[in-house]
Amino acid sequence: MSNRAPAVQARDLTKTYPGGVTALRGMDLTVESGTVFGLLGPNGAGKSTTVKILTTLARPDSGTATVAGHDVLDHPDRVRRAIGVVAQKSGADPVATGRENLRLQARLHGLRGAPLRERVDALLDRFRLTDAADRQVRGYSGGMLRRLDVALGLVHRPEVLFLDEPTTGLDPEARAAMWDEIARLAGEEGLTVLLTTHHLEEADRLAAHIAVVDRGRVVVQGTPHALKGELRGDAVHMELREPVGEAGRTLLSGALTALPGVYEAFFDGRRVSVRAEDGAAAVPALLAALERAGAGVASATVARPSLDDVYLRYVGRRYAEAEAEAAATDGTAGLTLAGGAR
Ligand SMILES: Nc1ncnc2c1ncn2[C@@H]1O[C@H](COP(=O)(O)OP(=O)(O)OP(=O)(O)O)[C@@H](O)[C@H]1O
C-alpha cells in the first residue's frame with residue numbers, strides 16, 4: 001500500500017433526488033493511491049451517484065469529498081484535470097476513426113504537434129488499436145470500443161481513473177481481456193482506478209479493495225481475501241423441496257444453528273445457506289435437522305465462502321435478490337450478473 005495521501009476520500013455524502021429518491025445515506029470511502037478500488041453493489045445501490053459527485057457532475061446534499069487532494073465542491077476544475085472518466089455509455093464518435101477520436105480528445109486537453117502524435121500513437125499501441133486506428137469506430141467490436149474509451153480517458157495522464165461498469169455488455173472473452181487491461185493499468189502506471197461494478201466476480205478479480213454498497217451506504221469494506229476470510233468455515237447451500245414461510249424460517253434457523261459448528265442460517269425462497277466450521281462434516285446433521293423439522297432437502301453443496309456470501313452476511317439478502325429487487329423498483333433489466341453470482 002502507498003504512503004501517499006488517499007486518491008479519493010468521501011465523508012458522509014448524502015443525496016436525495018428531486019422526487020424523493022434517496023440515493024446516498026452517508027457514503028464514506030477512502031481509496032488509496034495506485035490501487036484498483038471496487039465499488040460493488042446491485043443496480044440502484046448508489047454507485048453512479050457517488051461517481052457523479054466525485055467527478056463533479058453532481059453535488060451532494062451534505063458531506064465532503066476530495067479527489068487527488070482537491071475538494072470536489074471548492075475546486076471542481078482542479079478535480080476535472082486530475083481525473084479520467086469512462087462512462088457506462090461510450091463517449092467516442094462512431095463516425096470518426098479511433099485515431100481521430102484520440103486526436104480530438106488530446107487537442108481538447110491542449111496537446112499539439114509532435115507530443116499529440118506521440119501520445120495518440122502510444123495509446124493506440126498500448127490498447128492494441130493500431131491496426132484499427134484508421135477505421136470508423138462504428139465498425140469496432142464491443143471490446144475494441146471499450147479499450148478506446150479507456151484510452152480516451154487516459155489521454156491527459158490523469159491521476160485517478162473512474163470506470164463505470166467497464167465490462168457491461170461485453171462477451172466473456174472481451175470481458176476477460178478488459179480485466180487484464182484494467183489490472184495492468186494500476187500495476188504498471190501507478191494510476192488509481194475506481195471502478196463501479198455489480199459483477200461480483202469482476203470486483204473479486206480486479207479490486208485490491210472492495211466497498212460493498214447497499215441502499216446508499218457502504219456496508220462493509222476490505223480486501224476480497226479479508227472479506228471472504230472473515231467468514232469462518234464453509235458455506236453450505238441447500239435447496240428445499242418446498243419454500244418456507246416466516247414462522248418456519250425462525251424454527252428451522254434455530255434448529256440449524258443449534259448444531260455444533262454451525263454459525264448462521266439465511267433463507268431465500270427455497271434456498272437455505274449456513275456457514276459451518278467443516279461444511280462436509282456438517283451436511284448429514286444439517287439434512288437430518290431439516291428433515292426432522294419437516295423440510296425436505298432436494299440438494300446440498302459445500303463451498304468456500306464467496307463474495308456472494310459476504311454480501312448475504314452483511315446485507316441479509318442474496319446479491320441476485322437485491323438485483324431483482326432493484327430491477328423491479330426501477331423497471332430496468334438489472335439481472336446481468338453474468339456468472340458472478342456465486
Ligand atoms: N437523476 C435521477 N433522478 C431521480 N432518481 C435518480 C436519478 N439518478 C439515480 N436515481 C435513483 O437513485 C438511486 C441510486 O441510483 P444510482 O444510479 O446511483 O445507483 P447505481 O448503484 O449506480 O445503479 P446503476 O448501476 O443502475 O446505475 C436509484 O434508486 C435511482 O433510481
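Domain bounds are taken from an automatic or database domain assignment. On this basis the protein chain is divided into domain 1 (8-227) and domain 2 (232-304). The centres of domain 1 and domain 2, taken over C-alpha atoms, are separated by 40 Å. The structure is a predicted model, in which local features need pLDDT of at least 70, side-chain atom pairs count only at pLDDT 80 or more, and totals for chains, interfaces and linings use all residues. Residues are numbered from 1 along each chain as its sequence is written.

The C-alpha trace of the protein chain spans about 80 × 45 × 40 Å along its principal axes. Of the 342 residues in the protein chain, 42% are buried (20 or more other C-beta atoms within 10 Å of the residue's own, with C-beta atoms placed from the backbone). Among contacts with a separation of 6 or more, 68% are between residues 24 or more positions apart; two residues are in contact if their C-beta atoms, placed from the backbone, lie within 7 Å.

The protein chain has 12 helices and 14 strands, which are DSSP runs numbered from the N terminus (helices H or I, at least four residues; strands E, at least two). Helix α5 (residues 142-154) packs against helix α6 (residues 172-189) at an angle of about 20°, with the axes 9 Å apart. Axes are lines fitted to C-alpha atoms, for helices over the stretch in contact, and angles run from 0 to 180 degrees between N-to-C directions. Helices α5 and α6 are therefore roughly parallel to each other (angles under 35 degrees). The contact is made by G142, G143, R146, R147 and V150 of α5 and by A174, A177, M178 and E181 of α6.

Definitions and conventions
Buried ≥ 20, exposed ≤ 12 C-beta atoms within 10 Å, placed from the backbone. Parallel < 35°, antiparallel > 145°, perpendicular 65-115°, else oblique.
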